[in-house]
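Subject: Structure handover

Hello,

Here is the structure I promised to pass on.

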Amino acid sequence: MTAPLLSVSGASIAYGKVEAVRAVSLDVGHNEIVTIVGANGAGKTTLLNAIMGILPQSGRIRLNGVDITGIEIEDRVAAGLSLVPEHRELFGTMSVEDNLQLGAFRNARAAAQSFERVYALFPRLKERRQQLAGTLSGGEQQMLAMGRALMGEPRLLMLDEPSLGLAPLIVADIFKTVGELRAAGVSVLLVEQNAKAALQIADRAYVMELGHFILDGAADTVAADPRVVASYLGFQNDAAARV
Amino acid sequence: MNTTILLFLIQDGITNGAVYALLGLAMVLVFAVTRVILIPQGEFVAYGALTYATLAAGQTPGTAMLAMIMGLVAFCFDLFAARKAFRPKAILRAAAVDIAFPAIVLALTWGLAGRANAIPVNIALSLLIVAAIGLFLYRIAFQPIAHTSVLVLLIASVGAHLALEGFGLIFFGAEGLRGPAISDAMISIGQLQITGQSLAVYGITLALIVALWLFFDFTLYGKALRATAVNRLGARLVGIRTSLSGQMAFLLASVIGAISGILIVPITTLYYDTGFIVGLKGFVAAIIGGLISYPITAAAAIVVGLVEAFSSFYASNYKEVIVFTLIIPVLVLRSLAAPEVEEEKE
């Protein structure tokens, strides 16, 4: 078996003296969709930020067998990692097209094909390509953030709460697109509070509580685990029932 | 006051205002991209002007050697930064930028100084020297502390200003210098006489503003600079290096500063420390523009130039006081308009 695409081993992340994530290990294989589910404040976003290099961590991170621990964000982008952060971090006063073009800053020569691919995935962005990113709706901004990340042709796309604050129809749309990425050869590491939707499209899942994983395995096994049903899916069903 | 004096003052004000506009725009650019309030902008003006004047006088400017030494220091910084991960490509690039570039400029300076060069040759050489100094200033003084607060960056900025001013005194001496005019033409419209030099000031200012606009709107690197200014984390996430953006911003600012200096040195005698006051007037315009808006900054710079021209006619002793007092009502209005003072978060 070949080495996993992403391999995190023994990662601990602290804000000052407070340890937010403790000795966490995780793998993402080639062409695999992996999700981390857990409650607010469990440390999911912290872990993604550390993998991207925004936060320092102890432990080792390897991408495709190459050690990327301690290198800068920009070098991790060049190595094939891409993060769509919770707050999206778009260039609000620039056009959709400019945002996408900058997404391909590292491989400007391949930008033409990347534009085609991204516009095929998100036709809405093509319609709005001259509009300023800051004037888009929440769902369109999420599409643009994902499109911008895909312009760099990453091997692993990390999505932080893509459904946050979006209408259910748009969430369904975005999750469908995430599922399609696998066919394009992109692996996905998805962090979500919407555990039900995430577990449906994922191959494997990790459940995070108070800074460490309490459970991991195939997505359907995790979804059937009584603890998960009680803590995450049960609540989701209630919420869905109330709507 | 008769019409002739009025027209003369307006012309004088617009000429100076155009130069302040360039400096103000450079300050807005540098602040947006790096959060550095560029106090040493004035030194770029003085270095550009005095390097040009020294070359025109047939002497070798010391700034070429300063650029070389700063390049060597910058190379040491780059080597130290690369100690964790040895990447031959990065080191080669550092050697090309930090050593080969200033070495070529120094060789050119030694080769060309002391001869009667054409004016464009002297201008190009002066710009190259000051560009190198601006680039390495960022690498040495600001890049290592790029993640710190605006206040720390400001302190470093004041430090860089004092250091460069001191070097200026060593290289150019305490005597003022004047440089040859770009154009000796003279146009008379009625009683008003417009010199070729002030036409050159208008033309070059406009050309630079158009060039900057083209650069920021139509080139990938220009867009990358804007992206860094709009959202620093977003820019890093698409692989735009903060250090690269910072170096580009300083390179542009130093070239703009040097051009401003070369434009005014045929009009006024410049001393090693004159640049500071000139730069501060650009800063007044940039503050009126909120360190954000390019158009307001450019318009404010023209106002600053006009106020300066009229106050030097009516109350020449208080000229500087009046110009800098312009800031106070603007700051009061801005602080009233701002909802609350937010502590800067990192």
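Two residues count as in contact if their C-beta atoms, placed from the backbone, lie within 7 Å. With that cut-off, take the contacts in chain B with a separation of 6 or more: 77% of them join residues 24 or more positions apart. Bear in mind that this is a predicted model.

Chain B overall. It has 14 helices and two strands. Its C-alpha atoms fill a box of roughly 70 × 60 × 40 Å along the principal axes. The radius of gyration of chain B is 20 Å, which agrees with the value near 20 Å for a compact globule of 346 residues. Buried residues make up 45% of the chain.

The interface. Here 17 residues of chain B are in contact with 23 residues of chain A. On the chain B side, helix H8 (220–230) and helix H9 (232–237) each give two or more residues. H8(B) provides the largest share, six residues. By class, this side has nine nonpolar, three polar and five charged residues.

The core. The largest nonpolar core holds 171 residues. Those touching the most other members include Met158(A), Ala26(B), Val30(B) and Ala253(B). Helix H5 (residues 119–142) of chain B gives the most to this core, with 15 residues. Chain A takes part too: domain 1 (1–80 + 160–243) and domain 2 (89–153) each supply at least three residues.

One residue to look up is Ala253(B). Leaving aside residues up to four places away in sequence, Ala253(B) touches Ala26(B), Leu29(B), Val30(B), Leu38(B), Gln41(B), Phe44(B) and Gly134(B).

Best wishes

Methods
Residues are numbered from 1 along each chain as its sequence is written. Chains are lettered from A and ligands numbered from 1 in the order in which they are written. This is a predicted model: local features need pLDDT of at least 70, side-chain atom pairs count only at pLDDT 80 or more; totals for chains, interfaces and linings use all residues. Helices (H or I, at least four residues) and strands (E, at least two) are DSSP runs, numbered from the N terminus. Ala, Val, Leu, Ile, Met, Phe, Trp, Tyr, Cys and Pro count as nonpolar, Asp, Glu, Lys and Arg as charged, and the others, Gly among them, as polar. A nonpolar core is a set of buried Ala, Val, Leu, Ile, Met, Phe, Trp, Tyr and Cys residues joined through C-beta atoms within 7 Å. A residue is buried if 20 or more other C-beta atoms lie within 10 Å of its own, exposed if 12 or fewer, and partly exposed in between; C-beta atoms are placed from the backbone. Domain bounds come from an automatic or database domain assignment. The radius of gyration is taken over C-alpha atoms; the globule rule is 2.2 Å times the number of residues to the power 0.38.
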